[in-house]
Amino acid sequence: MAWAVLLVLTLGGHAGAQNKVRLHLDWMVEGNHAPVFAALEKGFYRQAGLRVEIEPGQGSFDAVKMVGVGKAEFGLADGGTMAKGVSQDIPVTMVASLFQDTPMVVALLKRTGIRKPKDLEGHSIAMAPWESTMFVFKVFARLNRVDLGKVKVVPLSFATKIPALVTGKVDSLGGYILELGSPFLMGLKPEDRVEINLMKFSDYGIRMYSNGVIVNNRYMQEHPANVRAFVKASMKGLNYAMANPEQAAGFLRKHSELSRQLLLAKWKSVIPLHTSKATRQYGYGWMDRAKWESTQRIMVEHGGQKKALPLGQLFTNRFLR
């Protein structure tokens, strides 16, 4: 498909190069990208005077780097990953948080009887060594008084950890709800499906911002009106996709090799992550200082971020007002 090299989705727009912008995704087109594709397909970006090109990415840090060097004006990236990048002098800022809570979960085989974090002791959990879930799990364990010496952590790749759960070689998996929720079950053949429970990190003390809209700092300074227009149109797309999930899945299907059914399930699995006390009070995308402080603290203590930064270097709500 066209997006294998560069996904260029241009729907009209006002003349002038200053209104043409590029959005670099955090991955290939997935269910959680429904808000920006709804904004594109419904013409919200065009109505805001923007011609938007959307290109696939290879992870959050890839998006942070691409936006930082100016190869894309906007990106979608994990908040913690972005904070680490900013501490390395990459000039980006988050201007709206899509996921108000972390999508990290532990998927548990029902037959193990694991119901709460402490129950993980005496059982095994598989995670890819390089994924962010690995270091956040250590924080999760500490907060919930789980003795990691009694938990067998099995390092497996993304490709091998799900088969390991299905065959019973491990009792649980760490990862994102997009991969381990109902889409996980739907992605398996009926004969391979197993009954699972999900333990959400956000239900057990992990307060972190995850996927959000980031912008190149220089572009933000030079074109604040375009940034405001992009953020407003994206939040309008989020509102539409949440209210019309079936149609949102159809928009995604135009640009993804995944089935419409799987895209719909993935999108529905993350819809609840877009609302919080802050968004109910101030609107979609809004971020609060306390959660950013928690996000940065976790990254400094466990995620490889070298130093804490003034929060104003990490996020701003001014384009959401």
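This short talk covers the salt bridges and the cavity in this structure. Keep in mind that the model is predicted.

Let's start with the salt bridges. There are 10 of them in the structure. I'll pick out a few.

Take Glu53 and Lys20. They form a salt bridge, with the closest N and O atoms 3.1 Å apart. Glu53 sits in strand β2, residues 51-55, and Lys20 in strand β1, residues 20-24. Glu53 is buried, at 10% relative accessible area. Lys20 is partly exposed, at 35%.

Now Glu55 and Arg22. Here the closest N and O atoms are 3.5 Å apart. Glu55 is buried, with a relative accessible area of 6%. Arg22 counts as partly exposed, at 26%.

Elsewhere, Lys161 meets Glu131 in a salt bridge, 3.0 Å from N to O. Lys161 is in helix α6, and Glu131 is in the loop between β6 and α5, so the pair ties together parts 30 residues apart in sequence. Both residues, Lys161 and Glu131, are buried.

On to the cavity. How many cavities of 30 Å³ or more does the structure hold? One. The largest cavity has about 40 Å³ of space. Its lining includes Thr102, Pro103, Met104 and Val105. Ile177, Lys200, Ser202 and Leu273 line the largest cavity too. By class, that lining has five nonpolar, two polar and one charged residues.

Methods: Residues are numbered from 1 along each chain as its sequence is written. This is a predicted model: local features need pLDDT of at least 70, side-chain atom pairs count only at pLDDT 80 or more; totals for chains, interfaces and linings use all residues. Side-chain values use heavy atoms; hydrogens and water are left out. On a 1 Å grid over the protein atoms alone, a cavity is a set of points where a 1.4 Å probe fits but cannot get out, and a pocket is an open set with protein on both sides within 12 Å along at least five of seven lines; lining residues have an atom within 4 Å of a point. Grid points are joined across faces, edges and corners, and a volume is the space filled by probe spheres set on the points. Ala, Val, Leu, Ile, Met, Phe, Trp, Tyr, Cys and Pro count as nonpolar, Asp, Glu, Lys and Arg as charged, and the others, Gly among them, as polar. A salt bridge is a side-chain nitrogen of Lys or Arg within 4 Å of a carboxyl oxygen of Asp or Glu. Helices (H or I, at least four residues) and strands (E, at least two) are DSSP runs, numbered from the N terminus. Buried means under 20% relative accessible area, exposed over 50%, partly exposed in between (1.4 Å probe, protein chains only).
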